[in-house]
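Trainee: Could we take a close look at a single part of this protein? I would like to start from one residue and see what lies around it.

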Amino acid sequence: MPRLIDHTEREIAVAEAAWRVAAREGVRAVSVRGVAAEAGLATASLRRAFPTQASLLAYCLDLARRRAADRIAALEQVTDPGSALAVLAELLPLDAERRLEAEVQFALGTAALTDPALRPAADAAHQDVATACRHVARALTGGPAATDPTQPDATDPATAHLHALLDGLALHLVRQAPAAPTGWAVEVLRGHLAALAAAPAGRPPG
């Protein structure tokens, strides 16, 4: 009896193949034909799942976002700088898997600035990071829970500062050689979270 096709499994395999192409050759090289060859699939088979390059790229970006969200959801609740560090470290490219995810998100996030088809996935990824930073900032400063529906969505200074720091660290890590040390970024983030916990509520450390 032929093996049933797991469409979700195949889509993930295709997305990972697209990530490899993007990391190796750049986003412009991610075509349905090229990704099919990388994944070892017939072009027609891949086109059934992803009819256009835009649909393939949007799925790739969303998969990277969902994987990071799943890792964060598996961690304990933020109660102190140590647990906050564990959460936000999942958003930094500290190993090969997370580095590839970050490369994809940076590349496709840039492409989304001029490609409306990619914008929803890019915006969702940006919002996920913003939400994680808001949750951590509020937990460390004793502010209202990030999930409190009565609270306004406007970003407070502590959240904005933390989000900018996290994005900057991720970019620096991606730009450095894959074999270069990453511990320095963890220590920078650790120091900022400790200062945030000691700062007045709602204010970034300074």
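Is C60 buried or exposed, and what is its relative accessible area?

Mentor: Good place to start! This is a predicted model, where local features need pLDDT of at least 70, side-chain atom pairs need 80 or more, and totals for chains, interfaces and linings use all residues. Residues count from 1 along each chain as its sequence is written, and side-chain values use heavy atoms, without hydrogens or water.

C60 is buried, with a relative accessible area of 2% (buried is under 20%, exposed over 50%, partly exposed in between, with a 1.4 Å probe and protein chains only). C133 is buried too, at 0%. Across the chain, buried residues make up 37% of the 206 residues. The model has zero disulfides (cysteine sulfur pairs within 2.5 Å).

The structure has one cavity of 30 Å³ or more, and the largest cavity has a volume of about 40 Å³. (On a 1 Å grid over protein atoms alone, a 1.4 Å probe fits in a cavity but cannot get out; a pocket is open, with protein on both sides within 12 Å along at least five of seven lines; lining residues have an atom within 4 Å of a point. Volume is the space filled by probe spheres on points joined across faces, edges and corners.) C60 lines this cavity together with A18, W19, A22, V27, V30, L57, V104, A107 and L108. The lining is made of 10 nonpolar residues, with no polar and no charged ones (nonpolar: Ala, Val, Leu, Ile, Met, Phe, Trp, Tyr, Cys, Pro; charged: Asp, Glu, Lys, Arg; polar: the others, including Gly).

Three helices, α1 (7-25), α4 (53-73) and α6 (96-111), each give at least two residues to that lining (helices are DSSP runs of H or I, at least four residues; strands are E, at least two; numbering starts at the N terminus). Domain 1 (1-51) and domain 2 (55-198) each supply at least three, with bounds from an automatic or database assignment. The whole chain has nine helices and zero strands.
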